[in-house]
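Please have the viewer open as you read.

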Amino acid sequence: MGETNQNIYSGSFNIEGGNFNSAGTVSTSIKSILKKLEIPGEIVRRAAIVSYEAEINVVSYAKKAMVTL
């Protein structure tokens, strides 16, 4: 049986469409949280890239969105 991480986090982040000044703050927060939870670096890197790309798409093309971690 594999090891389980006893550190659990649950949270949501709102993204406002059209707000380029705050673009990237959600992905930065997610990266920081995952590092504190001692998630392996490669997973943190991939999660940061995916969340940043999603965030930029929302800012560029949508009115709003919520990311749940």
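Buried means under 20% relative accessible area, exposed over 50%, and partly exposed in between (1.4 Å probe, protein chains only). A salt bridge is a side-chain nitrogen of Lys or Arg within 4 Å of a carboxyl oxygen of Asp or Glu. This is a predicted model, where local features need pLDDT of at least 70, side-chain atom pairs count only at pLDDT 80 or more, and totals for chains, interfaces and linings use all residues. Residues are numbered from 1 along each chain as its sequence is written, and side-chain values use heavy atoms, with hydrogens and water left out.

Let us begin with glutamate 55, in helix α2 (residues 41-61); helices are DSSP runs of H or I with at least four residues, and strands are runs of E with at least two, numbered from the N terminus. Glutamate 55 is buried but forms no salt bridge: lysine 31, the nearest side chain of opposite charge, is 12 Å away. (Lys and Arg count as positive, Asp and Glu as negative; His and the chain ends are not counted.) A polar atom of the glutamate 55 side chain does lie 2.9 Å from the backbone nitrogen of glycine 24.

| Residue | Contacts |
|---|---|
| Glutamate 55 | Ile15, Ser22, Ala23, Gly24, Thr25, Val26, Ser27 |
| Isoleucine 15 | Val26, Glu55, Val58, Val59, Lys63, Lys64, Ala65, Val67 |
| Phenylalanine 20 | Val59, Ser60 |

Phenylalanine 20 sits in the loop between β1 and α1, and counts as exposed because its relative accessibility is 53%. Its C-alpha is 8.0 Å from that of serine 60, although the two are 40 residues apart in sequence.

Notes:
A polar contact is a pair of N or O atoms within 3.5 Å; within protein, one must be able to donate a hydrogen and the other to accept it, and residues adjacent in sequence count only if both atoms are side-chain atoms. Contact means heavy atoms within 4.5 Å. Lists of a residue's contacts leave out its neighbours within four places in sequence.
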